[in-house]
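Let us work through a model by asking how to read some of its features.

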Amino acid sequence: MLFKKIFSLLLCVALLFTAGCSKKEDNNAENPKDNNGIISEYADTNASMFDEKNIVLTFPVLSDIHLNGSFAVEYSYNKAVRAINLSKEFSVNKKLDLVCATGDLVDCTNSKVMVQYGNDKYPGTYEEQYAIQSVKERDNLLKVLLDTKSNYSQFFYCLGNHDGGNREKATLFVEHLSGKNNENFDFFYGADLDTQALYVGNRHIKVNGYNFLALDMSADGSDFEWLKNKLDEILAEDKAQTIFLLHHFRPVNMTFASAGQSADLRDFLEAYPQVIVFGGHTHTYVDFDNALMQSEKGFISVDTGAVRYVTTDSIVSTTGAESLNTTKEDVEAQSTGLLVEVDKNGNVRIGRYNYAINAKVGSSWVIPKVKDDGSRDLLYTKKREGSDVKPVFSEGDAFAKLSGKLLIIKFPAAYTNQKLYRYDINITDNATGKKLKTKYASSLFYKFATPADMPKNYTIRIETDGTLSDDLTVKINGVDSWINKSEPIVINTK
């Protein structure tokens, strides 16, 4: 370990005058690099474990599809269809066994639509429009699924807060997707092993020997009791198996931007290392390594991204700080999800994709099969954060200039062993000693497949209040998704 840290430090120093610093983890394949040391493509994590020639199960995991009822219907329809169709194309065998969705299938069924969109778009009482839009949205969801059903044999979902997430809404979805004469029931629900639970928002199917469970969004004590009974029953047959679980809210404080999520689910799953749980809700990104995290007890939580749009809320900070260089439209144009494949030995490979740019983003995670005693190798815990290797700036011009109220800052890109997350900009007025609140600029990671595709330098414009002097010190730090910070670039305007 000491040798590893010394080697990493020396590597960072060597790259200070090129492009960046890359860390090779104990269990990772080396990332291929271009002449500047920047990651030009990704090598899958633990790639040698996975038998790509013998894949027995393939499925995408999608979240936050948000099918509309009356407005932007074509936009939401096209994004959903594209995600499913591209998932098939990205798969090795060019086929999907099922499609999984972790909630918010529709947009505003559980929202006060008159408040959300205004009376001019949804005239009438809330109750009237609630009923009308609920039907329209589920109609459009059904259209997406029937139009893409040739790609897969089963659609498996849990409900999210926009779907309703309660027992009444669970029944409405079953009845609606089943069709007027129940003609679609077998396609959507014929494989369900617990039809009673289905009507209260909990589901259980088995595909190619693997168990899939879905937990209602508003899970209470009875739902967790149901889940415990199911897990115990499944594992009594074979404790050395992976179980896939869908829940709209992720286990709290595990993956990137999962604060405020489900503490109950995290506590519950500590007893079940065999579980891989997928969740959505916050429309965050799948680009970073901590989009998948493993508990010290072994279970694994994975962010599923969002099909309809990713959000600006976490573009530079999980606290929702504002970015200086992004637009809402630019960010929300993105569409992301996962592709999961399982080989004949029980190893699981999870790939991350941005459907808007038709590209894989980041390396795939390969998760070794469950051990005979029911435990897992702890390869993806928080120990991966790599605090001993920080981002490093490449060579390039850096300057700052104040012109009236406008401060223009230019600086070269910083690099790390994955996509950089953001830049922190701190400004001090040397004439007065005044320090401005930290400003944040996105690395624009969400628009590019690999770090090598990202900008080589950035120009940031900050509108000031006009009180700053022309004697400023600007400090810029590159920051990764673990919030490890580079040494700063320091720029003086005078």
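**Paired strands and salt bridges**

Q: Which residue stands opposite L213 in strand 5?
A: H204 does. Strands (E, at least two residues) and helices (H or I, at least four) are DSSP runs numbered from the N terminus, and two strands pair if DSSP finds at least two bridges between them. Strand 4 (residues 203–207) and strand 5 (residues 210–214) run antiparallel, joined by 5 bridges. The two form a hairpin with 2 residues between them, and N208 in the turn has a positive phi of about 50°.

Q: What should I know about the model and its numbering?
A: The model is predicted: local features need pLDDT of at least 70 and side-chain atom pairs pLDDT 80 or more, while totals for chains, interfaces and linings use all residues. Residues are numbered from 1 along each chain as its sequence is written, and side-chain values use heavy atoms, without hydrogens and water.

Q: Is strand 4 mostly covered or uncovered?
A: Buried means under 20% relative accessible area, exposed over 50%, partly exposed in between (1.4 Å probe, protein chains only). In strand 4, 4 of the 5 residues are buried, so the strand is mostly covered.

Q: Which salt bridge involves R203?
A: A salt bridge puts a side-chain nitrogen of Lys or Arg within 4 Å of a carboxyl oxygen of Asp or Glu. R203 meets D192 at 2.7 Å, N to O. D192 lies in the loop between helix 6 and helix 7 and R203 in strand 4, so the pair ties together parts 11 residues apart in sequence. Relative accessibility is 8% for D192 and 1% for R203.
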